[in-house]
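Student: Hi! Could you walk me through this model, contacts and all?
Tutor: Happy to, let's open it up.

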2 protein chains.
Amino acid sequence: MGESRLDTGRIRAARGVIDPVFLDTPQYRCEALEPELGCGVSIKLETANPVRSFKGRGTELVASQLAEAGARAVVCASAGNLGQALAWSGRRRGLDVTVVASRFATKAKLDRIRALGAELELVDGDHELARERAAAIAQYEGIRLLEDSLDLETCEGAATIGLELMDGTPTFDTVLIALGGGAMATGVGHVVKELAPDIDVICVQPHGAPALTRSWHQRRVVTTDSTNTIADGVAGRFPIPEVLDDLLLIADDAVLVQEQSIITGMRLLYNQAGLIVEPSAALGIAAILENPTRFADRNILTIICGSNVDLPAYHGWIGVH
Amino acid sequence: MGESRLDTGRIRAARGVIDPVFLDTPQYRCEALEPELGCGVSIKLETANPVRSFKGRGTELVASQLAEAGARAVVCASAGNLGQALAWSGRRRGLDVTVVASRFATKAKLDRIRALGAELELVDGDHELARERAAAIAQYEGIRLLEDSLDLETCEGAATIGLELMDGTPTFDTVLIALGGGAMATGVGHVVKELAPDIDVICVQPHGAPALTRSWHQRRVVTTDSTNTIADGVAGRFPIPEVLDDLLLIADDAVLVQEQSIITGMRLLYNQAGLIVEPSAALGIAAILENPTRFADRNILTIICGSNVDLPAYHGWIGVH
């Protein structure tokens with residue numbers, strides 16, 4: 001493959017900087033899921049940590065660099081998980097953290113951002129407006145803007161998941177990765193393809209937020225006017241050109257899934273695996289549900305990337321009240 | 001302390017025999033639980049593995065020894081988690097596994113035991129009758145009887161959790177451990193007290209299954225005629241003398257909790273930490289809920305030892321339907 005922005009040596013070094021609470025997460029085969037999915041299914045569980053998502057891997061890198069450089073503050077836009085992780089990583093290093101989010105963001109995520117001591121600013125619009133506002137704050141205050149997926153720390157942090165997947169002989173031939181801004185897909189995908197080129201790296205995005213997937217297929221940035229998905233963690237409209245370039249080098253495919261499949265995936269993970277997951281974390285299972293023929297008899301690994309849900313909405317999805 | 005049956009050197013060696021999928025489990029502070037509990041709360045999560053409980057640590061030791069010795073079969077009595085773990089460990093080593101359980105056991109556990117290829121025999125009585133029946137099968141068939149908590153492998157396997165808790169500087173001053181047969185309490189407790197004698201080791205059992213706790217307080221084996229608790233994993237009536245002897249050397253205290261506190265604990269872990277847990281896994285939280293003054297401002301660690309629940313019952317406990 002060509003040269004992406006990712007570098008495996010830097011990713012290996014990143015492991016030494018990240019708090020161990022985010023590293024070496026559980027990875028195991030979930031046989032109870034397999035009868036309904038018709039293939040081998042292993043999961044990498046990124047929810048059993050203080051912020052209940054994989055985002056701490058990246059924010060640890062950013063916050064430690066800022067602290068070393070004597071910075072006092074940092075700002076990011078977030079659908080909720082990045083903000084929570086940055087609040088956690090920043091707090092323990094004495095950084096003032098500001099998070100800008102949509103006022104429509106998942107309430108549980110916003111509550112945790114506040115509880116972790118970050119300043120939370122809400123915008124009356126979607127995630128793209130939050131990104132604009134965060135950039136304006138950074139410029140006005142003269143502080144670091146952390147941009148998810150554009151800033152290499154976010155990709156390299158996520159990529160440490162890939163190193164763990166490749167530790168030992170892989171027991172899977174396909175990895176299904178939720179596609180949002182692209183940090184997890186490019187980071188994990190880079191490591192997987194570099195160390196085991198035969199493993200298929202397939203990105204999964206909702207039909208309701210398809211911009212980066214469409215961009216990948218058309219090999220140019222395609223934007224959308226709106227998003228309409230319960231998978232709040234991956235609902236962007238403006239793909240970042242540098243991230244698309246990386247993704248074109250790394251991904252074997254990018255597919256779109258229906259909302260109903262995401263819901264069925266969440267329900268399966270709850271009923272069969274005993275896992276509460278947020279919609280973005282069920283995208284891989286949704287992809288299997290939508291194309292059982294494609295994945296029949298394959299050995300899939302999918303990353304359960306977050307578990308921050310509003311319980312009333314979640315109960316509706318899994319069918320309890 | 002005096003000499004228990006546990007030996008830290010043997011426990012360290014055990015780590016090399018256990019499949020890594022059961023080792024180095026997540027351990028993290030759950031700040032979202034703390035406002036309601038009034039103390040620092042960290043958890044050790046033993047549910048993110050193929051059998052959703054800590055029991056694989058012990059069955060890996062037993063099954064590997066049996067396979068090395070050329071044995072062909074093994075039998076155990078189980079409330080469900082030990083049987084599931086023994087089925088998993090035995091299957092991959094070509095052992096025929098028979099599990100004897102009460103027909104009143106948690107259905108999800110029995111289903112998984114069968115799915116893992118073990119022979120399941122149900123008795124029309126409680127766990128103590130299953131123990132009798134398993135012993136009879138072992139004698140008749142001339143095969144190994146695995147006895148939970150009596151057989152040192154089960155204690156040493158569980159004790160590897162203790163090594164992980166002590167890895168690095170402990171951030172807790174009190175560990176709350178579910179008390180059933182005693183393998184987890186004596187195993188983990190031994191390592192904790194040997195490496196950090198100042199840490200309080202407190203066992204927690206339901207009022208509805210108090211035999212071992214009463215035995216600990218009276219310093220002699222006390223049995224009960226029946227059990228009445230939703231915490232199926234810890235519902236024994238006949239404490240094992242050798243295990244009581246160990247527990248007397250190791251535990252700082254043993255307390256009993258009400259069913260309602262277990263339910264509230266499960267609900268808190270679901271609502272605040274995003275974790276599905278079985279009743280036994282909520283005993284530590286229940287103990288905090290019942291005695292907030294005792295634990296105020298302490299830093300607690302509790303082991304989330306299993307997540308195998310029947311969902312209809314679970315939904316009743318956490319208050320959704």
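Tutor: In this predicted model, 31 residues of domain 1 of chain A are in contact with 24 residues of domain 2 of chain A.

Student: Which residues make up domain 1 and domain 2 of chain A?

Tutor: The domain assignment puts 8–50 + 152–318 in domain 1 and 56–146 in domain 2 of chain A. Taken over C-alpha atoms, the centres of these two domains of chain A are 23 Å apart.

Student: What area do domain 1 and domain 2 of chain A bury between them?

Tutor: About 2,100 Å², with 51% of it on carbon and sulfur atoms. On the domain 1 side, Phe22(A), Glu153(A) and Asn308(A) supply 29% of the area buried against domain 2 of chain A, more than any other three residues.

Student: And how many salt bridges cross the interface of those two domains of chain A?

Tutor: The rule finds seven salt bridges across the interface of domain 1 and domain 2 of chain A. There are also 19 residue pairs in polar contact across that interface, both residues being at pLDDT 80 or more.

Student: Which helix gives the most to the domain 1 side that touches domain 2 in chain A?

Tutor: Helix α7 (residues 152–165) of chain A does, with eight residues. By class, the domain 1 side that touches domain 2 of chain A has 13 nonpolar, seven polar and eleven charged residues.

Student: What does Lys109(A) form a salt bridge with?

Tutor: Its partner is Glu278(A), and the closest N and O atoms of the pair are 2.8 Å apart.

Student: Why do the copies meet through the same surface?

Tutor: Because 100% of the interface residues of chain A are also interface residues in chain B. The contact takes 30 residues from chain A and 30 residues from chain B.

Student: How much area do chain A and chain B bury, and which three residues supply 23% of chain A's part?

Tutor: Chain A and chain B bury about 2,100 Å² between them, 55% of it on carbon and sulfur atoms. Tyr28(A), Glu31(A) and Tyr270(A) supply 23% of the area that chain A buries against chain B, more than any other three residues.

Student: And how many salt bridges are there across the interface of chain A and chain B?

Tutor: The rule finds two salt bridges there. Arg91(A) forms a salt bridge with Glu31(B), the closest N and O atoms being 2.6 Å apart. Six residue pairs are in polar contact across the interface of chain A and chain B, both residues at pLDDT 80 or more.

Student: Last one: which elements give two or more residues to the side of chain A that touches chain B?

Tutor: Those are β1 (27–29), α4 (81–91), α11 (259–273) and α14 (311–318) of chain A. α11(A) gives the most to this side, with four residues. By class, the side of chain A that touches chain B has 16 nonpolar, eight polar and six charged residues.

Definitions and conventions. Residues are numbered from 1 along each chain as its sequence is written. Chains are lettered from A and ligands numbered from 1 in the order in which they are written. This is a predicted model: local features need pLDDT of at least 70, side-chain atom pairs count only at pLDDT 80 or more; totals for chains, interfaces and linings use all residues. Side-chain values use heavy atoms; hydrogens and water are left out. Domain bounds come from an automatic or database domain assignment. Contact means heavy atoms within 4.5 Å. Buried area is the accessible area (1.4 Å probe) that two parts lose on being put together, summed over both. A salt bridge is a side-chain nitrogen of Lys or Arg within 4 Å of a carboxyl oxygen of Asp or Glu. A polar contact is a pair of N or O atoms within 3.5 Å; within protein, one must be able to donate a hydrogen and the other to accept it, and residues adjacent in sequence count only if both atoms are side-chain atoms. Ala, Val, Leu, Ile, Met, Phe, Trp, Tyr, Cys and Pro count as nonpolar, Asp, Glu, Lys and Arg as charged, and the others, Gly among them, as polar.
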